[in-house]
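Please look at the sequence and the model first.

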2 protein chains.
Amino acid sequence: MRYTTDHKQQTREQILSAAARQFRERGFDQASVGSIMKEAGLTHGGFYAHFESKDELIANVIRGGFDQVSERFESQFNHLHGEDWLRTWVDRYLSDGHYHAMDRGCPMPALAGEIGRADAQSRHAFTELFEQRLRRVMKEVDAPQDQARRRVLAAVSQMSGALMLARTFDNQLADDVRSAAAEQAIATLVGRPA
Amino acid sequence: MRYTTDHKQQTREQILSAAARQFRERGFDQASVGSIMKEAGLTHGGFYAHFESKDELIANVIRGGFDQVSERFESQFNHLHGEDWLRTWVDRYLSDGHYHAMDRGCPMPALAGEIGRADAQSRHAFTELFEQRLRRVMKEVDAPQDQARRRVLAAVSQMSGALMLARTFDNQLADDVRSAAAEQAIATLVGRPA
DNA sequence: GATTTTATATGATGTTTATCATATAAAAAT
DNA sequence: ATTTTTATATGATAAACATCATATAAAATC
């Protein structure tokens with residue numbers, strides 16, 4: 001079947017989107033090529049017309065995860081600055097919405113565990129994408145570069161750690177972790193005690 | 001072969017220890033029953049004399065992970081109190097040793113991602129073990145109960161998040177994350193700005 | 001020393017997996 | 001309208017996996 005020029009590109013994006021969902025929800029191993037292709041509305045064999053291997057798919061999903069999160073945030077909050085921007089960032093990151101959106105949220109709490117076990121090349125790519133994002137957030141922190149960097153690193157650890165833990169806990173504790181981490185992360189970023 | 005009364009118990013513990021290592025290093029899926037039994041010096045078939053299923057093994061490894069971490073810490077630092085205890089806790093948690101000991105350290109940064117995808121029963125067990133540990137740490141925080149609870153939750157998120165991220169980054173960034181998180185976590189716990 | 005008991009080993013089964021060679025069908029080009 | 005091109009489908013292959021039935025061998029008991 002020969003479709004319009006960008007039809008293959010569209011299919012590729014459907015595969016990527018299904019993979020992004022399933023990887024976060026089930027993990028790299030349990031999300032099989034077959035089930036990803038099924039969710040994309042195709043059969044398993046066609047996969048290799050789009051990607052060389054499952055590993056290549058994984059690499060692309062990681063890259064896409066950071067891009068999506070950045071784009072979504074930049075487009076919705078480019079009118080905010082400094083402290084307002086930072087507060088909004090933390091609140092959104094630890095919001096109910098993001099907490100429940102394990103299947104499409106930030107790749108760090110959902111995938112970092114598995115990426116930590118990947119080869120050096122994948123880890124390096126992940127590091128570069130993170131640093132890009134780190135520099136962006138640093139811009140909004142009112143402090144000298146090296147101070148700002150330390151504060152953002154501390155806050156990001158806290159935020160992604162809280163989300164990861166909240167998703168493993170049930171009920172009350174999940175909410176408490178998010179709220180406690182949000183309070184401290186904001187305090188750290190704006191440089192005032194909680 | 002009929003060995004001494006507790007020989008089976010010893011073998012069971014060797015299986016648990018091999019599983020604890022491999023689960024952290026490779027993840028639940030990639031660590032097969034076969035490879036775990038091989039590391040324990042046995043063949044795969046004998047596994048089912050010790051555990052009903054791989055899931056039961058996973059549940060036992062999670063339980064053991066918390067126990068080990070607690071025991072190790074309590075036995076080595078029961079002479080410390082309050083701020084000293086807390087500082088030592090944070091420093092050890094984010095130390096080079098623990099950073100490199102992915103295969104035998106705290107189960108949270110290594111396994112939380114996968115446990116988040118487990119069934120409600122496993123997640124509930126994990127929650128209970130965590131709460132136990134939480135109450136222990138709270139005792140050393142010099143603040144009213146609810147304040148102490150919030151501070152420890154914030155600090156634990158930060159510490160486990162930092163360790164998880166450090167293990168996915170390469171080199172410099174890994175060190176920076178740990179050091180920034182340690183500084184802020186201590187500040188939070190002792191109630192003084194960094 | 002013969003018998004019983006039981007911890008571990010062997011080997012088989014059925015399922016799932018990633019990957020690939022080949023087939024099909026429809027759009028595009030002629 | 002025929003031919004060419006190519007996106008997807010089918011079906012096969014080989015490996016890995018969890019689980020289980022059965023076998024073996026050695027310690028304990030008599």
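## Chain A as a whole

Of the 194 residues in chain A, 52% are buried, where buried means under 20% relative accessible area, exposed over 50%, and partly exposed in between (1.4 Å probe, protein chains only). This is a predicted model, in which local features need pLDDT of at least 70 and side-chain atom pairs count only at pLDDT 80 or more, while totals for chains, interfaces and linings use all residues. Residues are numbered from 1 along each chain as its sequence is written, chains are lettered from A and ligands numbered from 1 in the order in which they are written, and side-chain values use heavy atoms, with hydrogens and water left out.

Chain A has 9 helices and 0 strands; helices (H or I, at least four residues) and strands (E, at least two) are DSSP runs, numbered from the N terminus. Its C-alpha atoms fill a box of roughly 60 × 35 × 30 Å along the principal axes. Among contacts in chain A with a separation of 6 or more, 62% are between residues 24 or more positions apart, a contact being heavy atoms within 4.5 Å.

## Between the chains

In chain A, 52 residues are in contact with 52 residues of chain B. The area buried between the two chains is about 3,900 Å², with 56% given by carbon and sulfur atoms; this is the accessible area (1.4 Å probe) that two parts lose on being put together, summed over both.

Between chain A and chain B there are 6 salt bridges, each a side-chain nitrogen of Lys or Arg within 4 Å of a carboxyl oxygen of Asp or Glu. B:Arg150 and A:Glu183 form a salt bridge with an N to O distance of 2.5 Å.

## Salt bridges within chains

Over all chains, the structure holds 30 salt bridges. A:Glu83 pairs with A:Arg192 at 2.9 Å, N to O. This pair joins helix 4 (residues 82–93), which holds A:Glu83, to the segment after helix 9 (171–190), which holds A:Arg192, and the two are 109 residues apart. A:Glu83 is partly exposed at 32% relative accessible area, and A:Arg192 is partly exposed at 43%.

A network of salt bridges links A:Arg21, A:Glu25, A:Glu39, A:Asp103 and A:Arg104. Within it, A:Asp103 is buried at 16% relative accessible area. In chain B, B:Arg136 and B:Glu140 form a salt bridge at 3.1 Å; B:Arg136 is buried at 18% and B:Glu140 at 13%.
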